[in-house]
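Here is a short walk through the side-chain contacts of one model. Take a look at it first, then read on.

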Amino acid sequence: MLRRSKFHSLVFLAAATLAALGLRQASAFEYNGEGKTLVNKRLKGSYGFAAQGYFGADFDAATRLTTGAIAIRVGVFKFDGDGHCSIHSMANKAGLQAAVTQDTSECTYEVYLDGTGKVDAVLGGKSFQTFFVLVNNGKEFMFTRREGTGTPADQGGATLVFAIAKKQ
């Protein structure tokens with residue numbers, strides 16, 4: 001009987017301590033003064049990347065083939081942790097005599113709670129969106145992009161088939 005009473009006393013003491021301290025769930029995210037998550041901080045620093053795809057890509061519904069020249073791009077994404085970024089890259093495609101080096105003139109990004117996100121940028125005068133997913137605890141992200149928007153002047157870019165970036 002004494003043993004059971006001691007056990008109940010310990011359970012009561014633990015419950016009273018938890019109640020006094022409050023039950024708070026540990027947060028995996030930081031919050032600003034307005035209670036909004038600061039998930040963009042999950043992506044900060046420089047990430048080297050390599051990508052491959054098609055330049056001048058177009059899908060022919062009749063033949064079910066993607067046309068265009070094979071293209072590669074390597075470079076560096078830089079993220080500031082607050083939603084601003086830059087990209088410096090070099091692209092080459094089959095048939096070109098020389099590679100093209102490009103830098104973004106505009107670049108912003110968003111990271112969502114589920115670890116996915118997007119980059120909106122202008123590179124080489126063309127608008128594009130990059131969609132990504134963070135992996136390896138934010139040390140890497142896999143991404144894909146389609147250059148061009150609904151604006152005819154932005155069409156005819158490159159479609160990336162596979163791309164990965166790793167923290168430098």
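Rings of Phe, Tyr and Trp count as a pair if their centres lie within 6.5 Å. In this predicted model, that rule gives 11 aromatic pairs. Take F77 and F79. Their rings are stacked, with 5.5 Å from centre to centre and 10 degrees between the planes. F77 is buried, at a relative accessible area of 2%. F79 is buried too, at 4%.

F79 also pairs with Y109. This pair is edge-to-face, with centres 4.8 Å apart and planes at 75 degrees. F79 sits in strand 2 and Y109 in strand 4 (residues 100-111), so their contact ties together parts that are 30 residues apart in sequence. Both residues of this pair, F79 and Y109, are buried.

Now widen the view. F77, F79 and Y109 belong to one aromatic cluster, together with Y47, F49, F132, F141 and F143.

Turn next to the charged side chains. The model has 2 salt bridges. One joins D82 and K41, whose closest N and O atoms are 3.6 Å apart. D82 lies in the loop between strand 2 (65-80) and strand 3 (85-93), while K41 lies in the loop between helix 1 (2-21) and strand 1 (44-60), so this bridge ties together parts that are 41 residues apart in sequence. D82 is exposed, with a relative accessible area of 54%. K41 is partly exposed, at 37%.

D120 and K118 form another salt bridge, with 3.5 Å between the closest N and O atoms. Here D120 is partly exposed, at 25% relative accessible area. K118 is buried, at 18%.

Technical notes: Residues are numbered from 1 along each chain as its sequence is written. This is a predicted model: local features need pLDDT of at least 70, side-chain atom pairs count only at pLDDT 80 or more; totals for chains, interfaces and linings use all residues. Side-chain values use heavy atoms; hydrogens and water are left out. A salt bridge is a side-chain nitrogen of Lys or Arg within 4 Å of a carboxyl oxygen of Asp or Glu. Helices (H or I, at least four residues) and strands (E, at least two) are DSSP runs, numbered from the N terminus. Buried means under 20% relative accessible area, exposed over 50%, partly exposed in between (1.4 Å probe, protein chains only). Rings of Phe, Tyr and Trp (its six-membered ring) pair if their centres lie within 6.5 Å; planes under 30 degrees apart count as stacked, over 60 as edge-to-face and the rest as tilted.
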